[in-house]
Amino acid sequence: MVEQQEQAAPDAMMTRIGQAVMLHHAGDREEARGRFLGLWGEIGEGGDALHRCTLAHYMADTQDDPADELAWDLRALAAAEELTGGRVAESHQSLAVRAFYPSLHLNLAADYAKLGRSEAARTHLRRARGAVGALADDRYGDGVRAAIGRLELRLQETGTSAEAGRPDRFGGPGGETLGPPRQRP
């Protein structure tokens, strides 16, 4: 059955990653994390860079420990740096590699803020801000730009939220998300 699905789907691994993402978005974080780990085992450290980038990007959100979240976000960035525009276009015609970077750097900034590493957070926030030109003027792009602004304000006000004893990405003032929205694979 899986073999047939892999032959029918243009990119069966992206489909399977998307299924785990849907589990996570539906609230089944543990099941999603388990599936992501299984898929990571199949892909491996040297597997397709788009698969590794996408999987690590979403896997980070299922982590309980901010240090583990950081490790997955660093894997996503490293894989993105291996991508070529052509490989991304195979999977998503409108997607450019450079459009990954605002979200990836914003995630890293939020991770470092959670860990109380304000200088590293600011460095990645500057990189995220510098890369926003690659984003479309759509809901996703607007969400990433807004999240960058919220984290910039948080870092200006308190250094980092971790230093102030507050959660960062999932616990901003009023309960808003400080990290970027995740675009569906």
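## Helical fold, nonpolar core and salt bridges

Leu 155 is buried, with 3% relative accessible area; buried means under 20%, exposed over 50%, and partly exposed in between, with a 1.4 Å probe and protein chains only. The model is predicted, so local features need pLDDT of at least 70 and side-chain atom pairs count only at pLDDT 80 or more, while totals for chains, interfaces and linings use all residues. Residues are numbered from 1 along each chain as its sequence is written, and side-chain values use heavy atoms, with hydrogens and water left out.

**Fold**

Leu 155 lies in helix H9, which spans residues 139–158. Helices (H or I, at least four residues) and strands (E, at least two) are DSSP runs, numbered from the N terminus. The protein has nine helices and zero strands, giving the order α-α-α-α-α-α-α-α-α from the N terminus. Leu 155 and Ala 121 are 34 residues apart in sequence, with a C-alpha to C-alpha distance of 8.3 Å.

A contact means heavy atoms within 4.5 Å. Among contacts with a separation of 6 or more, 62% join residues 24 or more positions apart. The protein has 185 residues, and 48% of them count as buried. Its accessible surface is about 9,000 Å², and carbon and sulfur atoms hold 50% of that area; the areas come from the Shrake-Rupley method with a 1.4 Å probe, and for residues only the protein chains shown count as cover.

**Nonpolar core**

In soluble globular proteins, nonpolar side chains tend to be buried together. A nonpolar core is here a set of buried Ala, Val, Leu, Ile, Met, Phe, Trp, Tyr and Cys residues joined through side-chain atoms within 4.5 Å. The largest such core contains 48 residues, and Ile 17, Phe 36, Leu 106 and Leu 151 have the most contacts inside it. Two or more residues come from each of helix H2 (12–25), helix H3 (29–43), helix H4 (49–59), helix H5 (66–82), helix H7 (101–114), helix H8 (118–131) and H9. H7 gives the largest share, eight residues.

Leaving aside residues up to four places away in sequence, Phe 36 touches Ile 17, Ala 20, Val 21, Leu 55, Tyr 58, Met 59 and Thr 62.

**Salt bridges**

Side chains of opposite charge can pair when their charged atoms come close. A salt bridge is counted when a side-chain nitrogen of Lys or Arg is within 4 Å of a carboxyl oxygen of Asp or Glu.

| Salt bridge | Distance, N to O |
|---|---|
| Glu 31 and Arg 35 | 3.0 Å |
| Asp 142 and Arg 145 | 2.9 Å |
| Arg 52 and Glu 82 | 2.4 Å |

The pair of Arg 52 in helix H4 and Glu 82 in helix H5 links distant parts of the chain, 30 residues apart. Arg 52 is buried at 6% relative accessibility, whereas Glu 82 is partly exposed at 48%.

Glu 31 and Arg 35 are four residues apart in helix H3, so about one helical turn separates them. Glu 31 is partly exposed at 35% relative accessibility, and Arg 35 is partly exposed with a relative accessible area of 41%.

About one helical turn also separates Asp 142 and Arg 145, because they are three residues apart in helix H9. Asp 142 is partly exposed, with a relative accessible area of 44%.
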